[in-house]
Amino acid sequence: MRHILVVSPHRASRELLQRFLAEPEVKVRAAEDADAALTSIASTPPAVVVVDLRRPDEDHPLFLALLRKRHPGQPVITLVPGSLRVFDGSHERVRDMRSIPGESAEGLHQILYALKESLEEVLAQHLLRVFRPPVGQA
């Protein structure tokens with residue numbers, strides 16, 4: 001079973017993302033702050049960490065810096081106003097979402113489906129890394 005960790009200080013956001021991203025073969029956990037997230041990652045490393053930065057929080061920049069330092073290959077998808085930042089463990093790309101009105105129901109719907117699409121891509125890459133041995137170690 002693959003694990004996803006959702007990090008957001010806002011309970012409603014955590015619950016929405018947990019329900020939306022849940023699938024039979026994917027377990028979605030949630031953390032409300034940086035300390036809980038880092039503890040969760042250390043005990044059971046997730047395939048992907050999803051961080052909701054759509055509402056500013058003072059801990060998020062520190063959390064992302066600590067996450068990169070302690071777990072440099074950890075895939076992370078960050079929801080920020082106007083874009084999704086997708087780090088697959090080795091490369092980062094930005095998915096522009098500025099044309100989507102984020103405050104409307106339609107905008108939220110589009111953002112969530114863009115998140116799910118990006119998550120599926122990162123999870124597929126995670127499976128490839130798990131099942132494909134490193135070069136020279138077959």
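Visitor: Does Phe20 count as buried or exposed?
Guide: Phe20 has a relative accessible area of 17%. The cut-offs are under 20% for buried, over 50% for exposed and anything in between for partly exposed, using a 1.4 Å probe on protein chains only. With its 17%, Phe20 therefore counts as buried.

Visitor: What pLDDT do local features need here?
Guide: Residues are numbered from 1 along each chain as its sequence is written, and side-chain values use heavy atoms, leaving out hydrogens and water. You're looking at a predicted model, where totals for chains, interfaces and linings use all residues, side-chain atom pairs count only at pLDDT 80 or more, and local features need a pLDDT of at least 70.

Visitor: How do the elements of the protein chain run from the N terminus on?
Guide: Helices (H or I, at least four residues) and strands (E, at least two) are DSSP runs, numbered from the N terminus. The protein chain has 4 helices and 6 strands. Read from the N terminus, the elements go β-α-β-α-β-α-β-β-β-α.

Visitor: How are the rings of Phe20 and Tyr113 arranged?
Guide: A pair of aromatic rings is described by the distance of the centres and the angle of the planes. Rings of Phe, Tyr and Trp (its six-membered ring) pair if their centres lie within 6.5 Å, with planes under 30 degrees apart called stacked, over 60 edge-to-face and the rest tilted; the count comes to 1 aromatic pair. For Phe20 and Tyr113 the centres are 5.1 Å apart and the planes stand at 90°, so the arrangement is edge-to-face.

Visitor: How many residues apart are Phe20 and Tyr113?
Guide: Tyr113 is partly exposed, at 45% relative accessibility. The pair links distant parts of the chain: Phe20 sits in helix H1 and Tyr113 in helix H4, and their separation in residues is 93.

Visitor: Which residue lies over the face of Phe20?
Guide: A charge sits over a ring if NZ of Lys or CZ of Arg is within 6 Å of the ring centre and within 35 degrees of the ring normal. At 4.8 Å from the ring centre of Phe20, the residue is Lys116.

Visitor: Which ring does the charged end of Arg68 sit over?
Guide: Look for the charged end of Arg68 in the model. The centre of the ring lies 4.3 Å away, and the ring belongs to Phe87.

Visitor: What is the order of the strands in the open sheet?
Guide: Two strands pair if DSSP finds at least two bridges between them. The open sheet has 6 strands with mixed pairing, and the order is S2-S1-S3-S4-S5-S6.

Visitor: Which are the edge strands?
Guide: An edge strand here pairs on one side only. That picks out S6 (92-96) and S2.

Visitor: How many residues of S3 are buried?
Guide: S3 runs parallel to S1, joined by 4 bridges, and parallel to S4, again with 4 bridges. Val48, Val50 and Asp52 point one way from S3, while Val49 and Val51 point the other way. S3 is mostly covered, and its buried residues number 5 of 5.

Visitor: Which residue in S4 does Val50 stand opposite?
Guide: On one side, Val50 in S3 has Val6 opposite. In S4, the residue opposite Val50 is Ile77.

Visitor: What angle does the direction of H1 make with that of S2?
Guide: Axes are lines fitted to C-alpha atoms, for helices over the stretch in contact (heavy atoms within 4.5 Å), and angles run from 0 to 180 degrees between N-to-C directions. H1 packs on the sheet, touching S1, S2 and S3, and its angle with S2 is about 175°.

Visitor: Which element gives the most to the largest nonpolar core?
Guide: A nonpolar core is a set of buried Ala, Val, Leu, Ile, Met, Phe, Trp, Tyr and Cys residues joined through side-chain atoms within 4.5 Å. The largest has 22 residues, and those touching the most other members include Leu21, Val48, Val50 and Ile77. The elements giving two or more residues include S1 (2-7), H1 (11-21) and H4 (105-131). With 7 residues, the one that gives the most is H4.
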